[in-house]
Amino acid sequence: MDLVAGVRKEGSRGGRGEFKWEDVRDSQHRENYLGHSLMAPVGRWQKNKDLNWYAKGDTSAAALSAAEARKEEIRRIKEAEESALSEALGYGPTIRSNANETPIGRKEVEKAIKETAEGDDEEGAKGVEREVFAWKGAVEELREEKR
């Protein structure tokens with residue numbers, strides 16, 4: 001007797017290809033199927049309702065910006081904690097490079113002011129020059145105080 005030679009069981013095995021949720025909707029035993037309330041809802045309560053609302057994320061612009069703000073806040077908190085921990089362990093504060101926080105030198109400031117003043121008219125340039133002289137005076141005062 002050879003068991004491998006022939007088909008051991010005849011007929012369908014589960015009927016996956018023949019299954020339809022519409023048949024479950026009409027069946028009297030619909031409560032026996034897992035997911036029947038979502039896949040085969042019956043009654044007035046499900047009319048024009050999104051039954052999978054809980055599985056969808058909030059994609060509004062306000063929610064996305066709030067999520068970005070939260071991620072940024074968490075990043076800053078982690079950096080502060082890391083810096084505080086390294087100071088507590090005696091390694092000194094962690095220095096992060098941020099282009100917006102990097103001080104620029106006097107030459108770069110003067111060059112930027114000259115470039116903006118070249119395109120302005122006479123009155124605008126005078127206002128810029130006044131600010132340059134005020135800035136130069138403040139820098140010289142700070143240097144004298146340090147000496």
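1. Of the contacts in the protein chain with a separation of 6 or more, 13% are accounted for by residues 24 or more positions apart, a contact meaning heavy atoms within 4.5 Å. The model is predicted, so that local features need pLDDT of at least 70 and side-chain atom pairs count only at pLDDT 80 or more, while totals for chains, interfaces and linings use all residues. Residues are numbered from 1 along each chain as its sequence is written, and side-chain values use heavy atoms, with hydrogens and water left out.

2. The secondary structure of the protein chain consists of five helices and zero strands, in the order α-α-α-α-α along the sequence; helices (H or I, at least four residues) and strands (E, at least two) are DSSP runs numbered from the N terminus. Of the 147 residues, 10% count as buried, where buried means under 20% relative accessible area, exposed over 50%, and partly exposed in between (1.4 Å probe, protein chains only). The chain exposes about 13700 Å², of which carbon and sulfur atoms supply 52%; these areas come from the Shrake-Rupley method with a 1.4 Å probe, and for residues only the protein chains shown count as cover.

3. Three aromatic pairs are found in the whole structure, rings of Phe, Tyr and Trp (its six-membered ring) being paired if their centres lie within 6.5 Å, with planes under 30 degrees apart counted as stacked, over 60 as edge-to-face and the rest as tilted. For F19 and W21, the ring centres are 5.2 Å apart and the planes stand at 80°, so this pair is edge-to-face. Because F19 lies in the segment before α1 and Y33 in the loop between α1 and α2, the latter pair ties together parts that are 14 residues apart in sequence. F19, W21 and Y33 form one aromatic cluster.

4. Leaving aside residues up to four places away in sequence, Y33 touches F19, W21 and V24, and its C-alpha lies 9.8 Å from that of W21, twelve residues away in sequence. Y33 is partly exposed, with a relative accessible area of 35%, as is F19 at 39%, and W21 also counts as partly exposed at 23%.

5. The count of salt bridges comes to six, each being a side-chain nitrogen of Lys or Arg within 4 Å of a carboxyl oxygen of Asp or Glu. In helix α3 (residues 61-88), R75 and E72 are three residues apart, which means a separation of about one helical turn, and their closest N and O atoms are 2.3 Å apart. R76 also meets E72 in a salt bridge, at 3.7 Å from N to O, and E72, R75, R76 and E79 are linked in a network of salt bridges. R75 is partly exposed at 37%, E72 at 32% and R76 at 47%.

6. Another salt bridge joins the side chains of E31 and R30, at 3.9 Å from N to O.

7. L38, M39, W53 and Y54 form a nonpolar surface patch with about 470 Å² of accessible area together. Patches are made of residues with over 30% relative accessible area and no salt bridge, like charges being joined within 9 Å and nonpolar side chains (Val, Leu, Ile, Met, Phe, Trp, Tyr) within 5 Å. M39 has its place in helix α2 and counts as partly exposed, at 44% relative accessibility.
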